[in-house]
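Work through the exercises below with the sequence and the 3D structure at hand. Try each task before reading its solution.

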Amino acid sequence: MSPVLAADLGLIRLGPAADRPPTRRDPAELRALAERAGRELDGAPAEEIARWAVDTFGDRFCVTSSMADGVLAHLVSRVAPGVDVVFLDTGLHFPETLRVRDQVAATMPVNLRSIRPRMTVGQQDGELGPRLFNRAPDECCALRKVEPLERALGEYDAWGAGLRRDESPTRANTPVVGFDARRGRVKVNPIAAWTQADVDAYVSRWSVPVNELFKQGYTSIGCWPCTRRTRAGEDPRAGRWAMFEKTECGLHV
C-alpha cells in the first residue's frame with residue numbers, strides 16, 4: 001500500500017508481531033482472556049478494543065461482515081492493515097450487498113475472504129426441495145451461514161463482529177469482548193456500545209461504503225428472501241424473517 005493511501009485511510013501502524021501465538025490457544029485460556037478483557041475494555045473506544053484483539057491474537061484474529069456497511073472492516077483495518085475480513089456469500093444476497101463487499105475489497109487494506117456454502121442454491125433445492133428459506137429458515141441459515149462460518153473460523157482464535165446493543169432487545173447485553181462457547185473462540189464486538197448516530201458519523205468522516213438499501217426503507221439487511229422493509233416505529237430488525245418467530249440467523253447465538 002502506498003504511504004498516500006495509508007494516510008488517507010488514517011491507518012494506525014502496529015509494531016512487530018513476533019510474540020503472537022503461532023498455534024491455536026486452549027479454549028480455557030481463551031475464555032479467561034475474554035472474561036478479563038470484557039471487564040477491562042467495557043466503555044473503551046472501539047479502536048482500542050480492536051487494537052487489543054489484534055495485539056492479542058495477531059493473524060489468528062479475523063473480522064466478519066454482512067456488508068450492510070464497511071464500518072467494522074474499515075475500523076479494524078486502520079489498526080491492522082491486511083486484516084482478514086470474512087464475508088459469508090450465501091448465494092442469496094441482494095446485489096447491493098455484493099456491491100459493498102466489492103467496494104470494501106477494492107478500497108480498503110483488507111484480505112477479503114468470500115466464503116460459500118458447500119451446496120449452491122440450486123443443489124440445495126435439488127436435495128432438500130425449493131425455497132427452503134420459506135419452509136425451514138433455521139435449516140437454511142444453518143446450511144448457508146452457520147456451517148460456512150464455523151468452517152471459516154477454523155484457523156482463528158478470535159473473531160470480530162459488528163453487533164450493536166441498540167439493534168434489538170436480543171442484543172442489548174452484547175459484551176465488547178466475550179467467549180463464544182459454541183465455537184471455543186473469543187468474540188470481539190468493538191462497536192457494541194455505538195448508536196446508529198455513531199455509525200453515521202463514522203461513515204461520514206471516512207466515506208465508508210454503505211448498502212444502498214438503507215435509503216429504500218430497509219433497516220437490517222440479510223438474504224433477499226428473508227428481508228423486508230421496516231415500518232415506522234418497528235424494531236430495526238423487524239424486517240428479518242418477518243413471517244416467523246425468528247430474530248437471529250444462528251451466527252450470534
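Two strands count as paired if DSSP finds at least two bridges between them. Strands (E, at least two residues) and helices (H or I, at least four) are DSSP runs, numbered from the N terminus. The model is predicted, so local features need pLDDT of at least 70 and side-chain atom pairs count only at pLDDT 80 or more, while totals for chains, interfaces and linings use all residues. Residues are numbered from 1 along each chain as its sequence is written, and side-chain values use heavy atoms, with hydrogens and water left out.

**Exercise 1. The sheet**

Solution. 
- Step 1: Strand 1 (residues 61-64) and strand 2 (residues 83-88) run parallel and are joined by 3 bridges.
- Step 2: The sheet is open and has 6 strands in the order 3-2-1-4-6-5, with mixed pairing. Strand 3 (110-115) and strand 5 (177-180) are its edge strands, each pairing on one side only.
- Step 3: On average, neighbouring strands of this sheet are turned by 30° against each other, direction ignored. Axes here are lines fitted to C-alpha atoms, for helices over the stretch in contact, and angles run from 0 to 180 degrees between N-to-C directions.
- Step 4: Helix 4 (residues 71-79) lies across strand 1, strand 2, strand 3 and strand 4 (158-160), and runs at about 155° to strand 1.

**Exercise 2. Helix 3**

State which residues of helix 3 are buried, and what these residues pack against.

Solution. 
- Step 1: Helix 3 (residues 46-57) has 12 residues and reaches 17 Å from first to last C-alpha, close to the 16 Å expected at 1.5 Å a residue. The expected span is 1.5 Å times one less than the number of residues.
- Step 2: Buried means under 20% relative accessible area, exposed over 50%, and partly exposed in between (1.4 Å probe, protein chains only). In helix 3 the buried residues are A46, I49, A50, W52, A53, V54, T56 and F57.
- Step 3: A contact means heavy atoms within 4.5 Å. The buried residues of helix 3 pack against helix 2 (27-40), strand 1, helix 4, strand 4, strand 5 and strand 6 (185-188).
- Step 4: After helix 3 comes G58, whose phi is positive, near 55°.

**Exercise 3. Salt bridges**

Solution. 
- Step 1: A salt bridge is a side-chain nitrogen of Lys or Arg within 4 Å of a carboxyl oxygen of Asp or Glu. By this rule the count is 17.
- Step 2: R182 and E150 meet at 3.4 Å, N to O.
- Step 3: R182 is partly exposed at 47% relative accessible area, and E150 is partly exposed at 35%.
- Step 4: E167 and R171 form a salt bridge at 2.8 Å, N to O, and both are buried.
- Step 5: In the salt bridge of D180 with R183, the closest N and O atoms are 2.9 Å apart. D180 is buried at 9% relative accessible area, and R183 is buried at 8%.
- Step 6: Salt bridges that share partners join D89, R101, D102 and R116 into one network.
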